[in-house]
Amino acid sequence: MMRKILSILITLVGLTAGTSFAQTNIIGLSYSMAAPMESTSDFIGENSFRGGTFDYRHFMNPNMSIGFSVGYQRFYQSKGYTTAPMPGGDGHISGQNYSYIDEFPLMATFHYYFGQEGGVRPYVGGGIGAAHFEYTDQIGSIGYVTKQWHFNIAPEVGVLVPLGINTYLMSSLKYNYAAPAGGIDAQQYVSFNIGIAFDM
């Protein structure tokens with residue numbers, strides 16, 4: 001799956017390389033805060049303040065860009081003192097219970113921009129690709145870890161605000177959906193992202 005996503009992205013960039021208008025590449029770094037939803041909130045109900053995203057965007061014309069994003073988001077919750085059955089049903093284990101979800105999304109992206117070049121530019125778009133999830137349920141010194149790749153989509157709305165020469169404030173609201181996989185339910189959360197983008 002990862003090779004297919006990268007191949008599609010490289011092909012799209014190659015198809016636009018010969019266009020006649022001035023092209024712009026934007027590189028962005030954002031801090032991400034997230035609120036879990038549905039099955040994700042069933043496992044961990046606390047908001048996440050541990051996340052970040054790297055974005056690369058190549059403008060095909062003044063109003064459209066393609067690119068890719070790589071991110072990380074960690075959800076964490078302390079569930080107090082817990083007693084649970086050992087795997088296989090042989091006895092029980094007791095201790096402080098901590099739960100984690102670590103997500104690593106890798107997506108091809110497309111965005112459409114409003115407004116004029118050099119000004120404030122609201123945009124809509126999103127990403128499609130894959131996300132690697134690691135689910136950890138730790139009781140005392142014993143941790144149970146499940147790892148799974150999910151098909152992932154992430155529509156978003158955002159804005160680029162010029163701060164100076166070749167520099168922008170980049171902010172967005174994103175809905176992240178990872179499809180069911182490997183017997184694990186769909187994972188969903190909403191993230192607020194804010195950071196800096198550079199016009200290369």
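This is a predicted model: local features need pLDDT of at least 70, side-chain atom pairs count only at pLDDT 80 or more; totals for chains, interfaces and linings use all residues.
The protein chain contains two helices and eight strands, and, read from the N terminus, its elements follow the order α-β-α-β-β-β-β-β-β-β. Of the 200 residues in the protein chain, 40% count as buried, while the accessible surface amounts to about 10200 Å², with 62% of this area belonging to carbon and sulfur atoms. When contacts between residues at least 6 apart in sequence are considered, 61% of them join residues that are at least 24 apart.

Glutamate 156 lies in strand β6, which spans residues 142-164. Because its relative accessibility is 7%, glutamate 156 counts as buried, the cut-off for this class being under 20%. A polar contact of 2.9 Å links the side chain of glutamate 156 to the side chain of serine 172. If neighbours within four places in sequence are set aside, the residues in contact with glutamate 156 are Arg57, His111, Tyr123, Val124, Gly125, Gly126, Ser172, Leu173 and Lys174.

On the surface, a nonpolar patch is formed by Tyr31, Phe49, Phe110, Tyr112, Phe114, Val124, Val157, Leu173, Phe192 and Ile194, which together have about 870 Å² of accessible area. Two or more residues of this nonpolar patch are contributed by each of the elements β4 (92-113) and β8 (187-199). Phenylalanine 49, one of the patch residues, is located in the loop between α2 (38-43) and β2 (50-61). With a relative accessible area of 51%, phenylalanine 49 is classed as exposed, since that term applies to values over 50%.

Conventions. Residues are numbered from 1 along each chain as its sequence is written. Side-chain values use heavy atoms; hydrogens and water are left out. Helices (H or I, at least four residues) and strands (E, at least two) are DSSP runs, numbered from the N terminus. Buried means under 20% relative accessible area, exposed over 50%, partly exposed in between (1.4 Å probe, protein chains only). Contact means heavy atoms within 4.5 Å. Accessible areas come from the Shrake-Rupley method with a 1.4 Å probe; for residues, only the protein chains shown count as cover. A polar contact is a pair of N or O atoms within 3.5 Å; within protein, one must be able to donate a hydrogen and the other to accept it, and residues adjacent in sequence count only if both atoms are side-chain atoms. Patches are made of residues with over 30% relative accessible area and no salt bridge: like charges are joined within 9 Å, nonpolar side chains (Val, Leu, Ile, Met, Phe, Trp, Tyr) within 5 Å. A salt bridge is a side-chain nitrogen of Lys or Arg within 4 Å of a carboxyl oxygen of Asp or Glu.
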